Amino acid sequence: MCTTSTMDTDGCVRQILAIAAAGGELVRLTTQGVREAENMKVIRERVRAAGCTVPLVADVHFNPAVADVAALYCEKVRINPGNYVDAARKFKQLEYTDEEYAAELQKIEDRLVPFLNICREHGTAVRIGVNHGSLSDRIMSRYGDTPAGIVESCMEFLRVCMREHFMNVVVSIKASNTVVMVESVRLLCKAMDAEGMTFPLHLGVTEAGEGEDGRLRSAVGIGALLIDGIGDTIRVSLSEPPENEIPVAYSLLQAARLRTTKTEFISCPGCGRTLYDLPATIQRVKAAFEQAGKADKQLAERLAGLKIAIMGCIVNGPGEMADADYGYVGAARGKVSLYRGKECVEKNIDEESAPQRLLALIEAPLPAPPVGGRAALSSENTASGYAALPPTGGAGRGAIPVYKTADTMNYPLLKDFARENRYHPTEAESILWDYLKGYSLNYPFRRQHIIGNFIADFACLPKKLVIEIDGGYHQLPNQQVSDADRTQWLEQQGFKVIRFTNEEVIGDVDSVISNIKEYLK
Ligand code: SF4
């Protein structure tokens, strides 16, 4: 969010461009009055003239007329149910009769509907954004300062949106107290589910502070919900220059395993067995990766998808590297062994040259896939004795699916193929992924997901649905037999396998999506 006055056009444009350059995907500006809302038009024109397409969001409090104007010029308008129509809290009227309460709700609807109509006409999205600190007297009178009150404050507005069939809405509940924030959002999910609502959620911890405290509070509040599978956009609020928020947001998404934007380094804490200066070694390996990434953009993209384990000793290191792609493990004083997955591929090399040897190992071509075409594995390559699939999680928001569906023995090999496929999707896969990712169909999808000894193009584990996109080589007789075997095995494990051709996805993705939705019901 910009910290500049919205009447300071130059300052706002500068800050919006800085936020966008840092990777921000939405920028919010405060619009206290109609003057500021009108100036959003000028700001937006200047930002677009600078070649920046980041959507702009107007933040409106206390004056619905401002929201009406902002809706003409911004991609989204945030309104606060606590003060959209209700006057500022006076803490005077603590009792409302049912009639008085109903009359206030009617007042909200009368004012909200014309605003929604303006938004509908201009394609403007609405964020219903409740803050723990700004509940109205009316809500406080019935629910007090509780998560139930925060949720009801949202639901009153959402019910109007539902009645008006206005679905271009995102909802947020923010609080500086992370427990209240997490509890309220979880409660909101249940309330929305109970009333058949599927509005996306924006997450944030408000007044999180600065420095380490601000980052930790945001990570706890936002992270807890992301791990639950809740959340569609996030903001890390820091009392710092706004562009500082963006790298924290990306790190948070990566830690929640939702978006991979950089190499993930894990390392042991070190102990008496550690065979080198651990902090210095970590910095040396990171610096080598950074330098290599700067020199070669393609390599940078490749490195961004990797998990590298830096472990202090050979005794416990390899076993504790968990699912790292590559390991850098202390082997003896001044010596390092390098691992690809769990396999030791270079032993006892000099510590000085080890970071570069690790990079060379990563750059070396992977072993050829065991079947023709892309790195899809057919039943011909599968070993006997498949690992039993563990149960998958329950359906829908809030469920925590179990992702470990791979054959344990072959996972290190399959993982490299899966990653290669993710880096080099076909045109059809790219198109379909845009429709499946981020809970777009209300369920989580994974692409190039390993199940047993197979790599599924797309998988929705809560619904046990596998989607395969067939290119030309699937028409070959041998491949058709392989595909049939693979489908049969997946079906034996309880998966439903549906197939589309490249042409179907590229030519009529809407029909493909409707078809998928049928299987998600
Ligand atoms: S991996 Fe080795 S050095 Fe690191 S903490 Fe474990 S035992 Fe100690």
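Asn348 lies in strand E12, where helices (H or I, at least four residues) and strands (E, at least two) are DSSP runs numbered from the N terminus. The model is a predicted one, in which local features need pLDDT of at least 70 and side-chain atom pairs count only at pLDDT 80 or more, whereas totals for chains, interfaces and linings use all residues. Residues are numbered from 1 along each chain as its sequence is written.

Although Asn348 is not a glycine, its phi is positive, at about 50°. Asn348 counts as exposed because it has 12 C-beta neighbours inside 10 Å; by this count a residue is buried if 20 or more other C-beta atoms, placed from the backbone, lie within 10 Å of its own, exposed if 12 or fewer do, and partly exposed in between. When neighbours within four places in sequence are left aside, Asn348 is in contact with Ala331, Ala332, Lys335 and Ser337, a contact being a pair of residues whose C-beta atoms, placed from the backbone, lie within 7 Å. Of these, Lys335 is 13 residues from Asn348 along the chain, and the two C-alpha atoms are separated by 5.0 Å.

A positive phi is also found at His165, a residue other than glycine, with a value near 55°. His165 lies in the loop between helix H6 (147–163) and strand E5 (169–174), and it is exposed, with 8 other C-beta atoms within 10 Å. Lys190, which lies in helix H7 (residues 178–194), likewise counts as exposed, with 12 C-beta neighbours inside 10 Å. Lys190 and Val151 are 39 residues apart in sequence, and their C-alpha atoms are 9.9 Å apart in space.

The protein as a whole has 18 helices and 16 strands, and buried residues make up 37% of its 521 residues. Among contacts between residues at least 6 apart in sequence, 63% join residues at least 24 apart.

Within helix H13 (residues 354–363), the buried residues are Ala354, Pro355, Leu358, Leu359 and Ile362. They cover an arc of only 145° around the axis and therefore lie on the same side of H13, the arc being that of the directions from the helix axis to the C-beta atoms. The elements covering these buried residues include helix H10 (278–295), helix H11 (297–304), strand E10 (326–332), strand E11 (335–340) and strand E12 (343–350).

The axes of helix H2 (residues 34–49) and helix H3 (residues 64–73) come within 8 Å and cross at roughly 10°; such axes are lines fitted to C-alpha atoms, for helices over the stretch in contact, with angles running from 0 to 180 degrees between N-to-C directions. H2 and H3 are therefore roughly parallel to each other, given that angles under 35 degrees count as roughly parallel, over 145 as roughly antiparallel, 65 to 115 as roughly perpendicular and the rest as oblique. In this contact, Val34, Ala37, Glu38, Met40, Lys41 and Arg44 of H2 meet Ala65, Val66, Val69, Ala70 and Tyr73 of H3. The residues of the contact divide into eight nonpolar, no polar and three charged, where Ala, Val, Leu, Ile, Met, Phe, Trp, Tyr, Cys and Pro count as nonpolar, Asp, Glu, Lys and Arg as charged, and the others, Gly among them, as polar.

Conventions:
Contact = placed C-beta atoms within 7 Å.
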